Amino acid sequence: MALCREPVARQAKLNLDSVTPPANPLVSFRNVFYRLGRQDILRNLSFDVEAGETLVLLGRSGSGKTTVLKLVNGLLLPSEGEVLVEGRPTTAWNSIRLKRRIGYVIQEAGLFPHLTVAANVGLVPRLESWPQQDIDRRVVGLLTQVELPPAEFAHRYPRELSGGQRQRVGVARALAADPPLLLFDEPFGALDPMTRMELQRQFLAMRQNLGKTAIFVTHDVREALLLATRVGLVHQGRLEVLTTPSEFLLAQGDEVRAVLSCLDTKGNV
Amino acid sequence: MQSGLMGELLELTLEHVGLVSVAMAIATAMAIPAGILLTRREALRRWVLGFANVMQTVPSLALFGFLIPLPFIGGIGKHTAIVALVLYALLPILQNTLAGILGVDRAVRESAIAMGMTGRQLLWLVELPLAARTILAGVRVATVITIGTATIAAAIGGGGLGVFIFRGLASVDTNQILAGAVPAALIALAADKGLSWVEQKFWRG
């Protein structure tokens, strides 16, 4: 792979004056397989995520969608093919640097129980050795942004928060070092419907304000259609459909129909 | 006579506490890093835990005896006693260090790694603070056991409150036995209370 990359880079340099290169996708998967033992978790995945878009990966539990996220931030490396982030394969990134450039939000938030809300949110800046003043200012800004008044919440511990509040802290923490890319792994999965709706609204507002790129994993088709600029359907380790929400509603295929049938019973889009 | 006994009691109590302190310091300094290492080396874990377990099953009097003929660490006196006490104290600390660190919630560990913590940062900022209470509980259990076991040190010339007990046994003098056993029990209780208090201070998460 290293052999292939170099000539391309040289070529790009040569053509710099004559051709404006197309905007690089922030993330691209190229024929990615991921295997665990003999089992294919992901099979031949290829897609690009452009800057500013929200790609929602939809699929049943065990379809491989979480594995996709872990391949992006280098928690896992592909068994075959390559995953490029900002044009560079994840195998060539310093794995710590890569992870710090990507915000990651998981279900139940994974907050550190021994740290206050403020310390949780300020952790990546602290790892990046920001001056304490800057960290404090950033934490206050972020907590305000996720609608948790700092005066009231900064000094609480995660166990003193509701599920929805914890999830907001998780989002604030992921945003802390201002990463260009955010990964969401079923972040709202464990919340009650009202709180979930509130956080979805907040997610949309935030996307508008911050212009971040996001890859969002969910098994809830309604959530996918609401939040996505593009929806990808992952089924048995393959990306079956990848299209805009409106076209997704018209897409063909057994799994798409099966997924969309959830909408009919719940009724509301 | 009375004041002579009090003087000896004080002296042997101090000696006893000294033995236990040195043994616990060494055992803690060995077992916590070893425990941390073992959380990273699954293959090694079985062997080391096995060794510590076997040490625990050797009757204490026999262990003291076994050590006497060994070069360097053996012989008669305090240092042999300390070696034996260390061997006994290792297991509870080792086990609790492992349990504490391996017991850290998967989601917490995963998000620490995902946010770009190095292995060292993961250990110092997440795993050790979260495991501190469990590790300390191991140290407390080991300390209490060691205070009791240290009475046997007198059998190989290690001194401590066991001197009273063995002398009492030899002369069938119950008072002498009690003069050793009661203070040892009181020290154990005090250590247990004191370390529980420290544990409570760690209790936040």
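Visitor: At roughly what angle do the axes of helix α8 and helix α9 of chain A cross?

Guide: Helix α8 (residues 163-175) and helix α9 (residues 193-210) of chain A have axes that come within 10 Å and cross at roughly 25 degrees. Axes here are lines fitted to C-alpha atoms over the stretch in contact, with angles from 0 to 180 degrees between N-to-C directions; helices are DSSP runs (H or I, at least four residues). It's a predicted model, so local features need pLDDT of at least 70 and side-chain atom pairs 80 or more, while totals for chains, interfaces and linings use all residues. Residues count from 1 along each chain as written, and chains are lettered from A in the order written.

Visitor: What makes α8(A) roughly parallel to α9(A)?

Guide: Roughly parallel is the label for angles under 35 degrees, so the crossing makes α8(A) roughly parallel to α9(A). A:Gly163, A:Gly164 and A:Gln167 in α8(A) meet A:Thr195, A:Glu198 and A:Leu199 in α9(A), with contact meaning C-beta atoms, placed from the backbone, within 7 Å.

Visitor: Which residues have the most contacts inside the largest nonpolar core?

Guide: A:Val72, B:Leu85, B:Ala89 and B:Leu90, in a core of 122 residues. Such a core joins buried Ala, Val, Leu, Ile, Met, Phe, Trp, Tyr and Cys through C-beta atoms within 7 Å, buried being 20 or more other C-beta atoms within 10 Å. Helix α4 (residues 78-102) of chain B gives the most, 14 residues.

Visitor: What is A:Val72 in contact with, beyond four places in sequence?

Guide: Its partners are A:Val27, A:Val83, A:Val85, A:Ile102, A:Leu183 and A:Ile215.

Definitions and conventions. Buried ≥ 20, exposed ≤ 12 C-beta atoms within 10 Å, placed from the backbone. Helix = DSSP H or I, 4+ residues; strand = E, 2+ residues; numbered from the N terminus. Contact = placed C-beta atoms within 7 Å. Parallel < 35°, antiparallel > 145°, perpendicular 65-115°, else oblique.
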